[in-house]
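Work through the exercises below with the structure open. Try each task before reading its solution.

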Amino acid sequence: MGKTKTILTIVIVLYLIALVSSKLLTSTFKEDMVTNGIAIIKIDGTIVSTETNSIIGQNGIGSDTIIDNLKKAEKNDGVKAIILEINSGGGAVVASKEIADKVHSIKKPTVALIREVGASGAYWVASAADVVIADELSITGSISVVASYLEFSGLLDKYNVTYESLTTGKYKDTGSPYKELTPEEKALLLKKLNIIQDKFVSDVARNRNLSKEEVRKLADGMIYLGIEAKQLGLVDLLGNRDLAIEKAKAMANLKKENLVEYAKKPSLLHIFDKLTAESFYSLGQGLGDSIKKEKEFSILT
């Protein structure tokens with residue numbers, strides 16, 4: 001009992017230290033004090049609607065976080081240009097579109113830098129910038145939409161398990177993993193994917209000053225190396241971060257760069273919370289939860 005009490009006391013003390021440290025670390029924001037600056041906003045990881053971070057798994061960058069950073073840079077009179085540093089293979093459709101729409105609306109000069117990967121939804125975002133720069137061997141393109149789900153109907157048949165569906169709507173269980181899609185259901189889902197695809201193509205065509213026909217020919221899901229993307233009109237320049245900075249300086253008429261990175265820096269409290277939460281999550285996660293996640297029908301760019 002005494003040992004447990006000691007451990008609990010240590011945990012509480014560490015938590016309080018983390019709480020105080022987090023307040024001190026986040027009490028000032030250097031991005032608010034920049035003059036003639038260039039904002040660096042990173043899009044690193046899968047694009048999702050709400051921020052997700054995992055110390056032991058993949059990270060997701062939320063559209064709400066990116067848009068919030070874009071708004072801060074846009075409103076800050078000291079920021080004269082914005083660089084989007086992209087390393088993402090895309091993600092959720094709406095989240096990608098939200099960011100692209102915001103980038104397109106910004107009046108300050110914007111430069112998208114594709115370092116390693118800027119494909120699918122991430123390319124949608126990049127295309128909305130005034131200038132797109134990519135490494136010649138980076139991965140771009142993949143202008144397409146995918147929807148997928150696991151289907152277990154064959155497994156149920158093997159074990160003589162029957163799936164009974166009680167719905168008040170004819171299409172309510174469309175995409176259920178426990179039954180095959182009917183030809184009608186498949187056609188309806190493909191129709192919706194084509195609507196999303198058309199919006200994707202239209203935005204890229206507008207952003208890149210290309211015709212819809214030109215973009216539609218490229219919208220088959222194929223990825224392109226940076227050097228190929230430039231030849232196809234999807235990228236303006238081939239280069240690295242230094243070139244992106246020089247281009248942003250020229251566009252904003254700056255003689256030297258004052259770089260400021262808009263990013264959510266994890267505090268000790270955040271790290272402590274994540275470690276604690278994930279420890280219990282790992283202990284409690286079971287096969288049933290995994291199956292539940294796999295059955296979700298998702299549409300991604």
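**Exercise 1. Is Glu74 buried, partly exposed or exposed, and which side chain does Glu74 meet in a salt bridge?**

Step 1. Glu74 has a relative accessible area of 24%. Buried means under 20%, exposed over 50%, partly exposed in between (1.4 Å probe, protein chains only). Glu74 is therefore partly exposed.

Step 2. This is a predicted model: local features need pLDDT of at least 70, side-chain atom pairs count only at pLDDT 80 or more, and totals for chains, interfaces and linings use all residues. Residues are numbered from 1 along each chain as its sequence is written, and side-chain values use heavy atoms, with hydrogens and water left out.

Step 3. A salt bridge is a side-chain nitrogen of Lys or Arg within 4 Å of a carboxyl oxygen of Asp or Glu. Glu74 meets Lys102 this way, at 2.7 Å, N to O.

Step 4. Glu74 lies in helix α2 (residues 63–75) and Lys102 in helix α3 (residues 93–105), so the pair ties together parts 28 residues apart in sequence. Helices (H or I, at least four residues) and strands (E, at least two) are DSSP runs, numbered from the N terminus.

Step 5. Lys102 is buried, at 15% relative accessible area.

**Exercise 2. Which parts does the salt bridge of Glu85 and Arg115 tie together?**

Step 1. The closest N and O atoms of Glu85 and Arg115 are 3.1 Å apart.

Step 2. Glu85 sits in strand β4 (residues 79–88), Arg115 in strand β5 (residues 110–119), so the bridge links parts 30 residues apart in sequence.

Step 3. Glu85 is buried at 6% relative accessibility. Arg115 is partly exposed at 44%.

**Exercise 3. How far does helix α6 reach, and which of its residues are buried?**

Step 1. Helix α6 (residues 183–207) has 25 residues. Its expected span is 1.5 Å times one less than its number of residues.

Step 2. From first C-alpha to last, α6 reaches 36 Å, close to the 36 Å expected.

Step 3. Buried residues in α6 include Leu189, Leu193, Ile196, Phe200 and Val204.

Step 4. Just after α6, Asn209 takes a positive phi of about 55 degrees.
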